[in-house]
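Please keep the structure open while I talk.

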Amino acid sequence: MERRRLAGVSGPGEPGSGYAVGGRLVLPSAHVAGPAGTRVEVSPLGGSGTVGGSVVWCGTPAGRDDAALVLVDDDPHWQAPAAPVRWGRLVTDRPGTGCETWGVPDVAQREDRTVEAAQLRAELNPGTGFVGNQYVMDLLQHPPQWSSDGTSPWGGMSGAAVFADLLLVGVVASDRAYSGGGQLNVVPAYVLHHDPAFRTALAQHGPGADHGLEAVELQHLTDPAQGTDRSTQLPSPAALLEARYQTVPFDGREDLLGELRAWCARGGFGAWLLLGPGGQGKTRLAHHLAADLAADHWAVLWPKASASADQLAGVRHVARPLLVVLDYAETRTEQLAALVEAAAEHPGATPLKLLLLARTGGDWWRQAATATRLAGDRLATAPIRLLTPLENDPADRADRYRDAARALATALPRVAGMAGHDWTTSAACLPPLPDQDAYGNALTLHMAALADLLDTAEPPTTVATGDQQCDAALRGAADVEDRLLDHESRYWRQSAAVLGLTPGLSPATLETALAAAHLVGAADREQADRLWQRLPALADQTRDRRNQVTTWLATLYPPTTTPLPWGALQPDRLTERHVGRFLNADPTLADRLLQDADHAQTVRLLTVYSRAAAHPVFQDRLDTQLTDLCTRNPQLSAQIIITATHTDHPAPLAAALNITISDPATPTTALTTLCDQLPRSSQRLAATASHLMQTLADRYRVLVQADPNAHLPGLAMALNNLAVWLKEVNRGEESLAAIEEATRYYRVLAEASPDAHLSVLAASLNNLAVRLGEVGRREEALAAVQEAVRYYRVLVEADPDAHLLDLAKALNSLAIWLGEAGQREEGLAAGDEAVKINRTLAEADPNDHLPALAASLTNLAIRLGEVGRGEEGLAALEEAVKINRTLVEASPNAHLPDLAKALDNLAVRLGEEGRREEGLAAIEEAVRINRGLAETNPMAFEAALRQSLEVAAWFEALGQ
């Protein structure tokens with residue numbers, strides 16, 4: 001709470017308290033202020049004098065909306081708050097939420113003295129008063145001594161604002177009956193916001209109309225950079241382009257919004273991955289959806305990047321419908337894992353939806369979705385949607401450009417120093433938008449409109465783009481970032497002059513510092529100072545001078561959280577272009593910044609560098625420079641791999657890895673380390689990984705000739721890995737050759753040391769069987785899996801806990817290959833043994849092993865059918881369906897596809913047994929499931945839907 005917002009309010013009722021919520025609006029109680037139109041007196045605490053005001057909205061005195069809004073007269077005694085309040089509501093049922101209130105209760109007043117305030121601490125327990133839509137404050141201090149008969153010591157507190165840390169959550173209404181002065185009744189803010197007339201009054205008379213109700217218990221997890229307050233003055237024109245402000249009203253994508261709203265309406269947990277290049281509109285779309293849901297009483301959370309897993313675990317307690325938006329999800333996989341864990345513990349009675357925004361999918365998403373069993377359960381069926389350009393029609397683009405220019409012209413007076421120009425007239429006089437496809441990107445279109453408007457007030461001369469100079473009249477979509485940076489640089493220079501940094505430091509030095517700050521960042525002011533010491537022009541300055549540079553950056557772009565020393569230049573494309581221009585002019589800048597850089601700074605540098613290199617204006621020059629930087633610093637291989645799997649422009653990073661791998665001077669130990677750093681699977685790095693494994697295998701072949709005992713395990717491992725990665729790049733024959741050779745070496749190793757190598761030999765034989773089967777060498781595949789089963793039996797005898805599951809998997813494979821070979825009784829025996837093992841494992845740990853039991857039952861059913869035991873096969877399939885239904889109840893996202901597949905199999909078997917009606921019911925259910933899955937994720941589930949439809953057509957033919 002802010003002390004200077006407190007006020008006493010006197011109306012036709014008893015005197016009470018009030019709180020300035022923004023502009024000239026004060027929030028008191030209805031029973032103090034009186035009905036709409038009533039004149040009241042407002043006395044700011046600590047201020048001079050009293051000002052008049054009129055009630056512009058009033059709830060029901062003594063009712064559950066006992067509050068009012070007073071519009072204070074335009075009076076010099078009134079000092080409007082700098083910003084509107086932030087409103088909040090409780091979203092969990094957890095007791096003990098701390099809160100406070102300030103007011104002017106009777107117990108604090110003394111005769112012949114000025115009005116005195118009292119500050120009370122309390123707790124809110126959501127369950128108390130919830131039936132009547134009321135909060136109750138349990139005061140933490142002992143109730144005061146009060147001798148006035150029939151009155152409350154808290155008289156005068158009516159209308160006092162109640163805050164839970166930073167959020168206004170309600171208004172004190174009265175002393176609670178029978179509490180002995182220990183409790184106060186509170187009108188919740190959500191009750192007030194539910195009234196359209198209240199929201200209208202806020203919109204008409206005070207700033208903050210765009211503020212929804214924030215989640216009290218999640219407020220410290222919220223990213224302040226996603227706040228949507230449109231009332232505050234903005235420091236620079238570029239801020240108008242930030243998605244959170246929605247300066248240009250959102251338009252279009254109605255079909256996708258409809259799908260997202262329907263997804264939210266389905267209840268339960270759900271995840272959705274929304275992909276698109278920078279500026280395509282992902283964040284704007286998410287903000288629009290969030291605003292729609294907030295208006296429908298949802299809680300919305302944009303987690304800040306520094307939120308820990310322990311903090312995010314609190315999401316599991318949320319009892320309101322909740323949308324969590326994770327922007328830049330490709331760089332925040334640890335937070336994604338924490339949110340998935342929280343979702344697993346969420347009771348599921350209310351919707352919990354996770355909307356992920358990323359520039360690219362691929363490797364990072366596959367890794368995140370398979371990192372844990374929980375992740376697989378909850379992310380397996382997540383829809384993945386790629387945003388296409390919004391403005392494809394040139395005629396529509398021209399209209400959108402005009403709309404954007406008008407909206408930006410209306411908002412430009414909010415920018416410091418921009419109020420004196422007639423922007424509306426400028427917007428009306430802008431020339432037509434050039435017909436260029438690049439303007440199909442929403443951000444490019446908006447940047448062009450803003451740059452054109454700014455040019456009417458301060459025409460630029462030339463703008464550097466790489467090595468080129470572009471005349472103002474010839475600028476197009478490719479240069480809008482440079483034009484905006486030209487205007488932004490005026491803001492930088494003005495701020496530097498105000499702080500006294502110039503002329504002592506040149507504009508070039510300061511802009512280099514700005515580029516360095518955005519390229520590597522800093523965790524705190526100490527790390528910021530170490531960063532400045534890596535820049536020659538600042539290294540010899542005093543600490544005070546370097547601190548001034550940090551302060552300048554914080555003034556330009558304030559940090560969203562402490563202890564970060566500065567924030568970010570937005571949108572990202574401006575940062576990337578600014579950094580790219582400096583790297584293009586001075587490639588050694590990145591080398592200097594890497595000195596003493598920690599892991600986070602290094603990954604940030606590589607990420608921003610790669611994104612800057614993707615800008616076409618640099619014509620691949622930055623690609624070459626980034627590749628050279630990485631090859632000069634092979635010790636960064638771990639960070640290079642991480643960045644390559646997350647960035648939307650990995651080519652220069654992969655090129656650097658390939659150069660390092662090919663270099664004969666690279667030590668084998670370094671190649672082995674690189675191998676260990678690779679992810680288990682990666683489409684982006686599959687070719688690079690294959691190259692690495694082949695190089696390692698070649699190196700180990702030479703080493704084995706000199707010392708086979710020491711290096712044969714390394715050669716076998718390299719060949720095994722080579723087989724895996726060659727399969728990733730569809731080089732099946734070479735993959736088979738590699739796994740055959742690896743298996744030969746593992747056999748030699750296992751004969752010499754079975755304890756150390758028998759398990760890897762068995763695994764290698766399993767892999768070999770798969771590869772042999774893929775090329776049609778079925779007899780050899782059967783022999784390989786039979787040998788693997790023999791070894792697993794030996795291993796299980798020694799350590800059943802470690803190897804029983806592996807034996808079950810191998811037996812399932814064996815059952816399939818025996819069936820293929822016509823050895824049906826033997827296949828049935830193997831399948832039956834696999835089921836028995838999986839049943840034992842599932843009894844001990846159903847969460848981990850029920851899916852495997854269901855799969856092995858399906859396999860067993862096929863084997864039973866092959867030997868004419870159809871009824872038993874049907875029973876196995878029915879049990880598999882039953883298990884999958886149980887799994888779906890716990891985690892529908894993970895197991896609905898398995899249930900649909902099991903229903904497919906059950907329907908076919910029922911049809912074969914002449915039980916057409918039951919089979920038809922099963923396949924109709926399978927079609928419904930697969931149709932729903934295909935609607936949300938067509939690429940993943942259209943094939944399954946086609947299969948179910950084919951079975952349904954077969955049933956229709958049976959009926960005819």
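Let me begin with Ala880, which is buried, with a relative accessible area of 0%, where buried means under 20% relative accessible area, exposed over 50% and partly exposed in between, using a 1.4 Å probe and protein chains only. Ala880 has its place in helix H33, residues 870–890, and here helices (H or I, at least four residues) and strands (E, at least two) are DSSP runs, numbered from the N terminus. Between Ala880 and Pro938 there are 58 residues in sequence and 26 Å in space, C-alpha to C-alpha.

A word on provenance before I go on. This is a predicted model, in which local features need pLDDT of at least 70 and side-chain atom pairs count only at pLDDT 80 or more, while totals for chains, interfaces and linings use all residues. Residues are numbered from 1 along each chain as its sequence is written, and side-chain values use heavy atoms, with hydrogens and water left out.

Now to the strands, and to S15, residues 269–275, which is mostly covered, seven of its seven residues being buried. Which way do these side chains point? Phe269, Ala271, Leu273 and Leu275 point one way from S15, whereas Gly270, Trp272 and Leu274 point the other way, and all are buried. S15 runs parallel to strand S18, residues 352–358, and seven bridges join them; two strands pair if DSSP finds at least two bridges between them. Within that pairing, Leu273 stands opposite Leu356 in S18. S15 also pairs with strand S19, residues 384–386, in the parallel sense over three bridges, and there Leu386 in S19 is the bridge partner of Leu275.

Strand S13, residues 183–188, is likewise mostly covered, with five of its six residues buried. S13 is joined to strand S10, residues 135–139, by four bridges in an antiparallel arrangement, with Asn185 in S13 as the bridge partner of Val136. Strand S12, residues 167–175, pairs with S13 in the antiparallel sense over five bridges, and Asp175 stands opposite Leu184 in S13.

Turning to the rings, the structure holds nine aromatic pairs, counted where rings of Phe, Tyr and Trp (its six-membered ring) have centres within 6.5 Å, with planes under 30 degrees apart called stacked, over 60 edge-to-face and the rest tilted. One of them is the edge-to-face pair of Trp364 and Trp365, at 5.7 Å centre to centre and 70° between the planes, and both Trp364 and Trp365 are buried. Elsewhere, ring pairs link Trp57, Trp87 and Phe198 into a cluster.

Charges over rings come next, a term that requires NZ of Lys or CZ of Arg within 6 Å of the ring centre and within 35 degrees of the ring normal. Arg89 lies over the face of Tyr190, 4.2 Å from the ring centre, and the charged end of Arg414 sits over the ring of Tyr245, 5.4 Å from its centre.

Finally, what lines the second largest pocket? Its lining has 24 residues, of which Gly278, Asn441, Thr444, Arg573 and Pro616 lie nearest the centre. The largest share of that lining, three residues, comes from helix H18, residues 572–585. A pocket here is an open set of points on a 1 Å grid over the protein atoms alone, where a 1.4 Å probe fits, with protein on both sides within 12 Å along at least five of seven lines, and lining residues have an atom within 4 Å of a point.
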